[in-house]
Amino acid sequence: MNINTILIIGSGAMGSQIALVSALAGYRTVLQDISFQALEAAVASLRERMDRQVAKGRLERAEADAALGRLHTVTSLEEAAPEADLVIEAATEKLETKQQIFAELDRLAPAHTILTTNSSTLGSSMVAAATGRPEKVCNMHFFNPALVMKCVEVVRHAHTSDETVHAVMELARTMGKSPVLLNREIPGFLANRMMGAIRDEALALYDAGIASIEDIDTAAKTALGHPMGPFELMDLVGLDVGYLIREATYQQTGDEKDLPHPALAELYAQGHYGRKTGRGWYTYDSSSPTAAK
């Protein structure tokens, strides 16, 4: 199918960066959020990011300006959905919210529109049920930071059509990504299941007093070749995101081992979400980050 206009729902860190990925790839891109202030902040952040890339010689000014010119913002789904050829939902990781959004999209978007969710945990079958077009629904999961990370997980459910899978995989490639296909749903998909095993072991080592947060992170970087350690990564992604993902996984599996780790739950309850709040596993200020716990 011809994809010309892409709608991204949610202007948080993931949604805004996905929108810029789309615009840089040449697509007319609409970023929707119910908060006008959030949209303004997102666009300002993207402009600053583009300015830095231009200053470093990684991007031509004309290319940056053209991409930003293809990016439009709206607060109303009623305005944006009727023009969309493909939707990427990047709202909060709460099933009820996503189901409401997909029901609205099904009502407002043209019959040909593909509806995808950026969810890293919830299989698209859970939102496809809120639509009358389950064959046009799948996961299109980007990784943080979406402007940098190449992997996109495309996850089909039992009713996703081959045509939808092909279109979404090809879209990811035109965006400069390296898509991987999951032929059936599984909580956590591929990368997060592998990273989750490392994260859980890191937490167990820390709990047992085997090593400090800093040394566990250092070992991951200097022995395993990871760009950052598991605690650093959790802070970058957001401990609120990690907490909600674990809660959502537990709701699917009912297995208590999938519940958020008690130390993560404590930080979440205190409002310490990582880099975005200035404190998580580490404390972030004008100097180098230091372990907070």
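Predicted model: local features only at pLDDT ≥ 70, side-chain atom pairs only at ≥ 80, totals over all residues.

**Phe142 and the cores**

Beyond the residues up to four places away in sequence, Phe142 touches Met14, Ile18, Ile88, Asn118, Cys151, Val152, Met175 and Lys177; contact here means heavy atoms within 4.5 Å. Residues are numbered from 1 along each chain as its sequence is written, and side-chain values use heavy atoms, with hydrogens and water left out.

Phe142 is one of the residues that touch the most other members of the largest nonpolar core, together with Ile6, Leu86, Ile88, Met140 and Leu171; this core has 36 residues. By nonpolar core I mean a set of buried Ala, Val, Leu, Ile, Met, Phe, Trp, Tyr and Cys residues joined through side-chain atoms within 4.5 Å. Buried means under 20% relative accessible area, exposed over 50%, and partly exposed in between, with a 1.4 Å probe and protein chains only. At least two residues of the core come from each of β1 (5-9), α1 (13-24), α2 (36-55), α3 (61-69), β4 (86-89), β6 (137-142), β7 (151-155) and α7 (162-174). These helices (H or I, at least four residues) and strands (E, at least two) are DSSP runs, numbered from the N terminus. Another core, of 17 residues, lies apart from the largest one, and Val30, Leu108, Val127 and Val137 are among its members.

Which residues of α7 are buried? They are Thr164, Val165, Ala167, Val168, Met169, Leu171 and Ala172. They pack against β1, β4, β5 (114-117), β6, β7 and β8 (178-182). Just after α7, Gly176 has a positive phi of about 85 degrees.

Helix α11 (residues 239-253) has 15 residues and reaches 21 Å from its first C-alpha to its last, close to the 21 Å expected. Its buried residues include Leu239, Asp240, Tyr243 and Arg246, and the buried residues of α11 pack against α8 (191-207), α10 (230-237) and α12 (262-269). Thr249 also belongs to α11, and it counts as buried because its relative accessibility is 11%. Leaving aside neighbours within four places in sequence, Thr249 is in contact with Thr121, Pro187 and Asp258. Just after α11, Gly254 takes a positive phi of about 70 degrees.

**Backbone features**

Most residues other than glycine have a negative phi, and most peptide bonds are trans. Against that background, Phe189 has a positive phi near 60 degrees. Phe189 sits in the loop between β8 and α8, and counts as buried because its relative accessibility is 1%. A cis peptide bond, with omega about 0 degrees, joins Asn144 and Pro145; Pro145 lies in the loop between β6 and β7.

**A pocket**

Finally, which residues line the second largest pocket? Among them are Arg49, Arg52, Lys56, Arg58, Glu63, Leu147 and Val148. By class, the lining has 5 nonpolar, 1 polar and 5 charged residues, where Ala, Val, Leu, Ile, Met, Phe, Trp, Tyr, Cys and Pro count as nonpolar, Asp, Glu, Lys and Arg as charged, and the others, Gly among them, as polar. A pocket is an open set of points on a 1 Å grid over the protein atoms alone where a 1.4 Å probe fits, with protein on both sides within 12 Å along at least five of seven lines; lining residues have an atom within 4 Å of a point. The largest share of this lining, 4 residues, comes from α2.

Methods: Expected span 1.5 Å × (residues − 1).
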